[in-house]
Amino acid sequence: VSAFLALSLTCKSMLRTGGGRVVFTSSVAASLGLVNHEAIAAAKGGIESMVRSAAATYAQRKIRVNAVAPGLTDTKLSGNITRSEALLEAAVSMIPMKRITEREEIAPAINWLLTGAPDNLTGQVLNLDGVMANARN
């Protein structure tokens, strides 16, 4: 609900100013069936669907809507995995690139979508997951 409200209010403002760009965050969990990830899969899957629909709705009004979907990243929320050598090794083994996403990689991707991405890039989910969502190991 909060992502939808943010989208609605932001787009309403952007319609008055001639367009703009909006980026949401998702997760690799929206694309994969990961054990014990039901809540985040549902939430982020909803965001990805909203991004595609909003991109279609606002495309002709010069509003671009995209998302960034990181894979496992060392954050407070993922600490139970990243602090355990065995769990981290198991998680990394599922990632074709054999490494987790660095926190420092996420902000530049979001910034690029907001400032440097082509104007016709909309309705997309940029996976920052070491190709986890799009390949089988």
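**Figure 1. Helix H4 and the lining of the largest pocket.** The largest share of the lining of the largest pocket, three residues, is supplied by H4. The model shown here and in the following views is a predicted one. In total, 28 residues line the largest pocket, and its volume is about 810 Å³. Helices that give two or more residues to this lining are H2, H3 (79-82), H4 (85-93) and H5 (103-115). Nearest the centre of the pocket lie Ser27, His37, Leu72, Ser78 and Ile81. By residue class, the lining consists of 16 nonpolar, ten polar and two charged residues.

**Figure 2. Overall course of the protein chain.** Five helices and three strands are present in the protein chain. Their order along the sequence is α-β-α-β-α-α-α-β. Taken along the principal axes, the box filled by the C-alpha atoms is roughly 50 × 30 × 25 Å. The protein chain has 137 residues, of which 36% are buried. Among contacts with a separation of 6 or more, 70% are between residues 24 or more positions apart.

**Figure 3. Pairing of strands S1 and S2.** Strand S1 (20-25) and strand S2 (residues 63-70) are parallel to one another and are paired over six bridges. At one point of this pairing, Gly20 stands opposite Ile63 of S2. The chain passes from S1 through H2 to S2, forming a β-α-β crossover that is right-handed. Val22 has Val65 of S2 as its bridge partner. Helix H2, the connecting element of this crossover, spans residues 38-58.

Figure 4. Strand S2 is largely enclosed by the rest of the structure, because eight of its eight residues are buried. Burial extends to both faces of the strand. On one side, the buried residues are Ile63, Val65, Ala67 and Ala69.

Figure 5. Val28 is located in the loop between strand S1 and helix H2. Its relative accessibility is 5%, and Val28 is therefore counted as buried, the cut-off for burial being under 20%. Beyond the neighbours within four places in sequence, the contacts of Val28 are Leu34, Ala69, Pro70, Gly71, Asp129, Met132 and Ala133. The C-alpha atoms of Val28 and Gly71 are 5.0 Å apart in space, although 43 residues separate the two in sequence.

Figure 6. Ile110 belongs to helix H5. When neighbours within four places in sequence are left aside, Ile110 is in contact with Val23, Thr25 and Val68.

Figure 7. Most residues other than glycine have a negative phi. Lys98, which is not a glycine, has a positive phi near 60°. This residue, Lys98, is placed in the loop between H4 and H5. With a relative accessibility of 44%, Lys98 counts as partly exposed. Val131 also has a positive phi, of about 65°, although Val131 is not a glycine. Val131 occurs in the segment after S3. Its relative accessible area is 38%, so Val131 is partly exposed.

Methods
Residues numbered from 1 in each chain as written. Predicted model: local features only at pLDDT ≥ 70, side-chain atom pairs only at ≥ 80, totals over all residues. Heavy atoms only, no water. Helix = DSSP H or I, 4+ residues; strand = E, 2+ residues; numbered from the N terminus. Buried < 20%, exposed > 50% of the residue type's maximum accessible area, 1.4 Å probe, protein only. Contact = heavy atoms within 4.5 Å. 1 Å grid on protein atoms, 1.4 Å probe; cavity = no way out; pocket = protein on both sides within 12 Å on 5 of 7 lines; lining within 4 Å. Points joined across faces, edges and corners; volume = space filled by probe spheres on them. Nonpolar A, V, L, I, M, F, W, Y, C, P; charged D, E, K, R; others polar. Pairing = 2+ DSSP bridges. Right-handed = clockwise from strand over helix to strand, strands pointing away.
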